[in-house]
There are 2 protein chains.
Amino acid sequence: MFENRLKKRNIRPTAMRLIVLKELYESEVAMSLSELELKLENSDKATLYRTLKKFEENQLIHSIDDGSGSIKYALCDEGCTCDSKDQHVHFHCEKCLSTYCITNIGIPQLTLPKGFISNSANLVFKGICLSCS
Amino acid sequence: MFENRLKKRNIRPTAMRLIVLKELYESEVAMSLSELELKLENSDKATLYRTLKKFEENQLIHSIDDGSGSIKYALCDEGCTCDSKDQHVHFHCEKCLSTYCITNIGIPQLTLPKGFISNSANLVFKGICLSCS
DNA sequence: CTGATTTTGCAATCTGGTTGCATTAAATTT
DNA sequence: AAATTTAATGCAACCAGATTGCAAAATCAG
Ligand SMILES: [Mn+2]
Ligand SMILES: [Mn+2]
Ligand SMILES: [Zn+2]
Ligand SMILES: [Zn+2]
């Protein structure tokens, strides 16, 4: 249940937060702040913004920079700690502009030039998604 | 010589363009519009913007979305056609905020879920760069 | 209940990016 | 070379997404 999911992450379950969580839960794809704002009538951008920040801070969701200009958010798996083991590939459809978590594909470890130490990475594939092809 | 490099890409070598090209050429790291604007006294943001767009369109430079919020630009190698074979990994230093082209490391080809067709990708590693470590 | 803390809503601000438009510069034609 | 056409520049305005200040409302703890 959503309320529980919030509590587990130490987020007080207010009405707005439950709605946002539900919305993200029911979405097949990652959502941006403004998409949420549109979808949720009589919602306030600043509140949504702070809701998402809180969710992200408490590792209930993760943010995705898909290069579209607006940051997308998607639910983390249960038990996610948002460290490198939880990082995965994302896919951005250039037709419908949807962004998908490809949770079962991790980011490949590459050997960087000497002296460059990486602790995280962002890998986004762009193209045409399943529903658009 | 810079003038020639512009001509080869079908870009008319104006004074401003030569300056911008020189600046990018001499920079170890990728530069953003506003970094250029700061560096080049009495330069205009809109002109720089259009200069970069033109350079990018004509494949003299490529743009890099390193997740920092501002797009960075770096010179392409000679003969670059900015297609998938020319795409490479980038590195963003979280300390000095510099972004480097790792031109000798390509983007790994991964098998995406059925129905997802990718034609480009963005892979940025984040961490500490050589000069900051 | 009561005072302290947190969340919310609204307006304002910031930043990077982008565009309209008149001016200037460069290339082409006569 | 002068006239004509085309491209580049500079300035101001605009835009979208992100972020903040602040007072009101909701929630919590004693
Ligand atoms: Mn994801
Ligand atoms: Mn590069
Ligand atoms: Zn699609
Ligand atoms: Zn560095």
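Modeller: Helices are DSSP runs of H or I of at least four residues and strands are E runs of at least two, numbered from the N terminus. The model discussed here is predicted, with pLDDT of at least 70 required for local features and 80 or more for side-chain atom pairs, while totals for chains, interfaces and linings use all residues. Residues are numbered from 1 along each chain, chains are lettered from A and ligands numbered from 1 in written order, and side-chain values use heavy atoms, without hydrogens or water.

Biologist: Which element gives the most to the lining of the second largest pocket?

Modeller: A pocket is an open set of points on a 1 Å grid over the protein atoms alone where a 1.4 Å probe fits, with protein on both sides within 12 Å along at least five of seven lines, and lining residues have an atom within 4 Å of a point. The second largest pocket has 26 lining residues, with His62(A), Ser63(A), Gln87(A), His90(A) and Ala121(A) nearest its centre. Strands E2 (61–64), E4 (88–93) and E6 (117–128) of chain A each supply at least two lining residues. With five residues, the element that gives the most is E6(A).

Biologist: Which element gives the most to the lining of the largest pocket?

Modeller: The largest pocket is lined by 33 residues, and Glu56(B), His62(B), Ser63(B), Gln87(B) and Ala121(B) lie nearest its centre. Two or more lining residues come from each of helix H4 (45–57) and strands E2 (61–64), E4 (88–93), E5 (99–106) and E6 (117–128) of chain B. The element that gives the most, with four residues, is E2(B).

Biologist: Is Cys80(A) buried or exposed?

Modeller: Cys80(A) belongs to the loop between strand E3 (72–75) and E4 of chain A. Leaving out residues up to four places away in sequence, Cys80(A) touches (heavy atoms within 4.5 Å) Arg9(A), Gln59(A) and Asp86(A). On the scale used, buried means under 20% relative accessible area, exposed over 50% and partly exposed in between, with a 1.4 Å probe and protein chains only. The relative accessible area of Cys80(A) is 8%, so this residue is buried.

Biologist: What is the phi of Cys82(A)?

Modeller: Cys82(A) also lies in the loop between E3 and E4 of chain A, and it is partly exposed at 32% relative accessible area. Most residues other than glycine have a negative phi. Cys82(A) is not a glycine, yet its phi is positive, at about 55°.

Biologist: What is the relative accessibility of Asn42(B)?

Modeller: Asn42(B) sits in the loop between helix H3 (33–39) and H4 of chain B. Its phi is near 45°, a positive value in a residue other than glycine. Asn42(B) counts as exposed because its relative accessibility is 74%.
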